[in-house]
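Thank you for making the time this morning.

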Amino acid sequence: MPTLDILNQRPPARVYVAPGQTLLAAIQAAGLDWMHACGARGRCTTCRLNLLGGAEHLAPYTAAEVRFRTMGRLPDASRLACQAQLLPNTPSTAELCGTVPPEGRLPHLAYT
Ligand code: FES
């Protein structure tokens, strides 16, 4: 199954992502805590992931992401974990990786 590695979390976390699944859904299914202040409705940016690899396996930006990009609140190479969905035809060997930006870090977890 495709994987998403969260590189700056300690210990580093590996999440398996099913085709069609959002990154947040996969992260939660793996039992990891992840900031998502608006309840995954695309109304905040607290679930943001700095994507370092594998962007080509994600569906295009959603309307919510386009809105935040237009406002300058979603930098290039960043995706909202609650919006970014793995493409249905993603090969099982696909590897994505990224980091949690400072504003998305939870106080009870360790990051580098
Ligand atoms: S949880 Fe608010 S935009 Fe993703």
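This is a predicted model: local features need pLDDT of at least 70, side-chain atom pairs count only at pLDDT 80 or more; totals for chains, interfaces and linings use all residues.

Strands here are DSSP runs of E with at least two residues, helices are runs of H or I with at least four residues, and both are numbered from the N terminus.

Residues are numbered from 1 along each chain as its sequence is written, and side-chain values use heavy atoms, with hydrogens and water left out.

Which strands pair with β1? Strand β1, residues 3-6, pairs with β3 in the antiparallel sense over four bridges, and four bridges also join β1 to β6, which run parallel; two strands count as paired if DSSP finds at least two bridges between them. On the β3 side, Leu-4 has Val-15 as its bridge partner and Ile-6 has Ala-13, whereas in β6 the bridge partner of Asp-5 is Cys-97.

In a regular strand the side chains alternate between the two faces of the sheet. Strand β3, residues 13-16, has a covered face with Ala-13 and Val-15, and an uncovered one with Arg-14 and Tyr-16.

If we set aside neighbours within four places in sequence, Trp-34 is in contact, meaning heavy atoms within 4.5 Å, with a list of residues including Ile-6, Leu-24, Ile-27, Cys-47, Arg-48 and Val-100.

What about the cysteines? Cys-44 counts as buried because its relative accessibility is 13%, and Cys-47 counts as buried because its own value is 2%.

Now to the charged pairs. Side chains of opposite charge can pair when their charged atoms come close. The count comes to four salt bridges, where a salt bridge is a side-chain nitrogen of Lys or Arg within 4 Å of a carboxyl oxygen of Asp or Glu.

One of them joins the side chains of Arg-14 and Asp-5, at 2.7 Å from N to O. Its two residues fall in separate classes, since Arg-14 is partly exposed at 44% relative accessibility, while Asp-5 is buried with a relative accessible area of 17%.

Another joins Arg-48 and Glu-103, whose closest N and O atoms are 2.1 Å apart. This pair links distant parts of the chain, with Arg-48 in strand β4 and Glu-103 in the loop between β6 (95-99) and β7 (110-111), 55 residues apart. Arg-48 counts as buried because its relative accessibility is 10%, whereas Glu-103 is partly exposed, with a relative accessible area of 43%. Arg-48 also makes a side-chain polar contact of 3.1 Å with Ser-78; a polar contact is a pair of N or O atoms within 3.5 Å, and within protein one must be able to donate a hydrogen and the other to accept it, with residues adjacent in sequence counting only if both atoms are side-chain atoms.

A further salt bridge brings together the side chains of Glu-65 and Arg-79, at 2.8 Å from N to O. It too links distant parts of the chain, Glu-65 in helix α2 (residues 63-70) and Arg-79 in strand β5 (residues 78-80), 14 residues apart, and both residues are buried.

I will finish with Leu-80, which lies in strand β5 and counts as buried because its relative accessibility is 0%. The C-alpha atoms of Leu-80 and Arg-48 are separated by 4.4 Å, although the residues are 32 apart along the chain. Not counting residues up to four places away in sequence, Leu-80 touches several residues, among them Cys-44, Cys-47, Arg-48 and Glu-65.

Key
Buried means under 20% relative accessible area, exposed over 50%, partly exposed in between (1.4 Å probe, protein chains only).
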